[in-house]
Amino acid sequence: MSRKKTPKSKGGSVPAASTLPTAANRPRLACPRTARPGPEALPNGPPQSGRPSLGGSGDFYDVAFKVMLVGDSGVGKTCLLVRFKDGAFLAGTFISTVGIDFRNKVLDVDGMKVKLQIWDTAGQERFRSVTHAYYRDAHALLLLYDITNKDSFDNIQAWLTEIQEYAQQDVVLMLLGNKVDSTQERVVKREDGEKLAKVSQNRVDDEGGLKAVTLGLPPFGQHPTGSSCLQEYGLPFMETSAKTGLNVDLAFTAIAKELKHRSIKAPSQPHFRLHDYVKKEGQGVSCCRL
Ligand SMILES: Nc1nc2c(ncn2[C@@H]2O[C@H](COP(=O)(O)OP(=O)(O)OP(=O)(O)O)[C@@H](O)[C@H]2O)c(=O)[nH]1
Ligand SMILES: [Mg+2]
C-alpha cells in the first residue's frame with residue numbers, strides 16, 4: 001500500500017468516505033482565537049480524494065479518518081484534543097472554541113499509519129448549526145460530558161438525538177466522562193456513566209435510528225448468532241482526564257483501531273473487539289454489560 005503524505009502545502013487525499021464541507025460554501029469561520037497553540041488552518045476546500053489533505057506536519061499515512069469531538073461547552077473537548085495531539089494540558093482561563101477547529105495526528109495501528117483528522121466542535125449552543133454540517137462525514141464521534149457538571153451529563157441524551165439526526169448510521173460512538181482527576185468536585189458517578197452508555201445504545205437502536213457500530217462488534221443485528229450483539233454491550237465508555245492524560249491516548253487509539261479494522265475487512269485480519277481491548281488496556285475503564 002503506497003503511503004500518502006500530508007504535504008506541507010494545502011490539500012491531501014482522504015479516504016473515499018467523504019469530502020469535508022468547503023469553507024467556500026460555508027461562511028468563513030474565524031479561526032478560533034485561543035490561548036492554545038494555534039490550530040492548523042481550517043481547510044480551505046474539500047480535501048477531494050486524490051488531492052493532498054490539509055495542513056499536518058508532513059506525516060505519511062496509509063488511511064485517514066475524520067473524528068469529531070462533541071459535548072457541552074466546558075466539558076474539555078479542546079483540552080482532550082491538545083492532550084492527545086501535543087501531550088500538554090491547557091490550564092488557566094477557559095477560552096471557548098469558536099465555530100470549529102481541527103488537528104491531525106497519525107497513529108501507527110498494527111503497522112498501518114492511520115491519520116486521524118480530529119474536529120473540535122464548539123459546545124456553545126450558538127454554534128450548533130455550524131457543527132451540524134460536519135457530522136455527516138464523521139467516521140467516529142467522541143461524546144464528552146464533565147463528571148463535575150451534572151447538566152453536561154443530563155444533556156447527553158440530547159446530543160445522542162442530534163447525532164442520530166445528523167451523523168451517518170454506522171458512525172462509531174464512544175462516551176467519555178472527562179475531568180476524572182477532579183475527584184472532590186465529582187457529581188456524576190462512574191456507574192451513572194456506565195448505565196447511560198448502556199441505555200443510550202439500546203435507546204438509539206430501539207428507535208431504529210443510529211445503528212452505531214459499537215466499537216469492535218459487528219454492526220447491529222449482524223451478530224453471528226443473529227441476536228443483537230449491541231444489547232450485550234452498549235456504547236464503549238471511559239472516564240478520562242485531559243489534565244493527567246488518563247485514558248486519552250486509549251480513547252483515540254481504540255477509535256483508530258476500530259476504524260482501521262472496519263476499513264480493511266480482510267477475513268485474514270484477526271477480529272478486533274474494542275470492548276475487550278478497552279477493558280484490557282484502560283485504567284478504571286469498564287464496558288457496560290447488561
Ligand atoms: N481538572 C480538569 N480540568 C479540565 C479537564 N479538561 C478540561 N478542563 C478545563 O475545563 C475548561 C474547559 O475546557 P475546554 O477543553 O476548553 O472545554 P470545551 O469542551 O472545548 O469547551 P467549548 O470549546 O466551549 O465547547 C478549561 O478551563 C480546562 O482547563 C480535565 O480533564 N480536568
Ligand atoms: Mg473547545
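Helices (H or I, at least four residues) and strands (E, at least two) are DSSP runs, numbered from the N terminus. This is a predicted model, in which local features need pLDDT of at least 70 and side-chain atom pairs count only at pLDDT 80 or more, while totals for chains, interfaces and linings use all residues. Residues are numbered from 1 along each chain as its sequence is written, chains are lettered from A and ligands numbered from 1 in the order in which they are written, and side-chain values use heavy atoms, with hydrogens and water left out.

**View 1. The shell around ligand 1.** Ligand 1 is surrounded by 25 residues (a heavy atom within 4 Å), the closest being Ser 73, Lys 77, Ser 96, Gly 123 and Ala 242. Helix H1 (residues 77–86) supplies the largest share of this shell, 3 residues.

**View 2. Polar atoms facing ligand 1.** An oxygen atom of ligand 1 lies 2.6 Å from a polar side-chain atom of Ser 96, and a polar backbone atom of Thr 97 is 2.8 Å from an oxygen atom of the ligand. For Asn 178, an N or O atom in the side chain is 3.2 Å from a nitrogen atom of ligand 1.

**View 3. The magnesium ion (ligand 2).** Its protein donors (N, O and S atoms within 2.8 Å of the metal, or 3.2 Å for Na, K and Ca) are Thr 78 (OG1) and Thr 97 (OG1), at 2.0 to 2.1 Å. Because Thr 78 lies in helix H1 and Thr 97 in the loop between H1 and strand S4 (100–109), the pair ties together parts that are 19 residues apart in sequence. Water is not among the atoms, so the site may look incomplete.

Terms used: A polar contact is a pair of N or O atoms within 3.5 Å; within protein, one must be able to donate a hydrogen and the other to accept it, and residues adjacent in sequence count only if both atoms are side-chain atoms.
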